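Visitor: Please show me the structure. I would like to go through its fold by question and answer.

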Amino acid sequence: MIVGGGSQIGFDDAEIVNFLNPAAKNDYVSADIALRNSDIYSTVFQLSADLASSKLITSNSRNQGMLNNPTSWSNSYSFWQAVYAQLLLGGEAFVYRWRNQNGIDIRWEYLRPSQVSVFPLNDYSGLYYNATFDSPLVGVKMNIPSGDMIHFRLLSQNGGATGISPLRSLASELEIKDSSNKLTINALAKSVLTPGILKIKWRWSA
């Protein structure tokens with residue numbers, strides 16, 4: 001897929017991906033569907049928890065303060081676990097840097113991939129972003145420079161511009177497991193049905 005300057009790159013809507021590629025038999029797995037699988041949920045939870053427990057260290061004391069306390073909405077552990085979990089599920093994660101008039105970071109805000117659109121500059125010298133914020137007071141921010149957005153990528157097929165969801169490799173396995181679960185549930189549902197009627201002859205004698 002060739003993307004010109006100013007055109008959006010990367011999208012993770014399962015319905016759009018499957019519509020554009022009907023022969024692939026819905027080979028795109030969304031994070032919402034994946035988290036319904038107990039094995040994937042436990043793996044992502046454990047890995048993101050372990051990563052969130054690690055300590056990020058920088059030589060800059062001001063940056064270290066942001067790493068230790070990135071947001072006022074929750075504690076740093078919950079913030080970083082959400083970032084790492086999204087990175088493991090979607091292959092990329094976004095954090096917007098709120099700054100004061102002097103350009104100093106005051107807090108960071110985690111953004112879902114569905115809130116962010118990624119675009120290349122016309123000369124391909126970098127990226128810029130459009131983001132939709134949950135707060136109605138902020139709304140939509142257009143043309144966000146890359147310096148204001150922390151963009152994590154796990155894997156990439158376009159030189160590191162965007163990430164690839166590892167869940168794409170699980171499409172066949174999840175389809176097989178889903179079919180197996182349906183077969184098991186169907187068998188259990190029919191196993192409790194009595195195919196016949198039990199008759200008992202009672203003979204009483206004085």
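Visitor: In what order do the elements of the protein run from the N terminus on?
Guide: This is a predicted model, in which local features need pLDDT of at least 70, side-chain atom pairs count only at pLDDT 80 or more, and totals for chains, interfaces and linings use all residues. Residues are numbered from 1 along each chain as its sequence is written, and side-chain values use heavy atoms, with hydrogens and water left out. Helices (H or I, at least four residues) and strands (E, at least two) are DSSP runs, numbered from the N terminus. The protein has 6 helices and 6 strands, and the order is α-α-α-α-α-β-β-β-β-β-β-α.

Visitor: What share of the residues in the protein is buried?
Guide: Buried means under 20% relative accessible area, exposed over 50%, and partly exposed in between, with a 1.4 Å probe and protein chains only. The protein has 206 residues, and the buried share is 32%.

Visitor: What share of the contacts with a separation of 6 or more joins residues 24 or more positions apart?
Guide: Contact means heavy atoms within 4.5 Å. Among contacts in the protein with a separation of 6 or more, the share from residues 24 or more positions apart is 54%.

Visitor: How are H3 and H5 oriented to each other?
Guide: Axes are lines fitted to C-alpha atoms, for helices over the stretch in contact, and angles run from 0 to 180 degrees between N-to-C directions. The axes of H3 (residues 38-53) and H5 (residues 76-90) come within 8 Å and cross at roughly 135°. Angles under 35 degrees count as roughly parallel, over 145 as roughly antiparallel, 65 to 115 as roughly perpendicular and the rest as oblique. The two helices, H3 and H5, are therefore oblique.

Visitor: How do the residues of the contact of H3 with H5 divide by type?
Guide: H3 contributes residues including Val 44, Phe 45 and Leu 51, while H5 contributes Tyr 77, Trp 80 and Leu 88, among others. Ala, Val, Leu, Ile, Met, Phe, Trp, Tyr, Cys and Pro count as nonpolar, Asp, Glu, Lys and Arg as charged, and the others, Gly among them, as polar. The contact of H3 with H5 has 12 nonpolar, 3 polar and no charged residues.

Visitor: Where does Tyr 124 lie?
Guide: Most residues other than glycine have a negative phi. Phi of Tyr 124 is near 60°, a positive value. Tyr 124 lies in the loop between S3 and S4.

Visitor: Is Asn 143 buried or exposed?
Guide: Asn 143 is in strand S5 (residues 140-145). Its phi is positive, about 55°, although Asn 143 is not a glycine. At a relative accessible area of 53%, Asn 143 is exposed.

Visitor: Which residues does Ser 76 touch, not counting those up to four places away in sequence?
Guide: Ser 76 lies in helix H5. Its relative accessibility is 26%, so Ser 76 counts as partly exposed. The residues touched by Ser 76 are Asn 68 and Pro 70.
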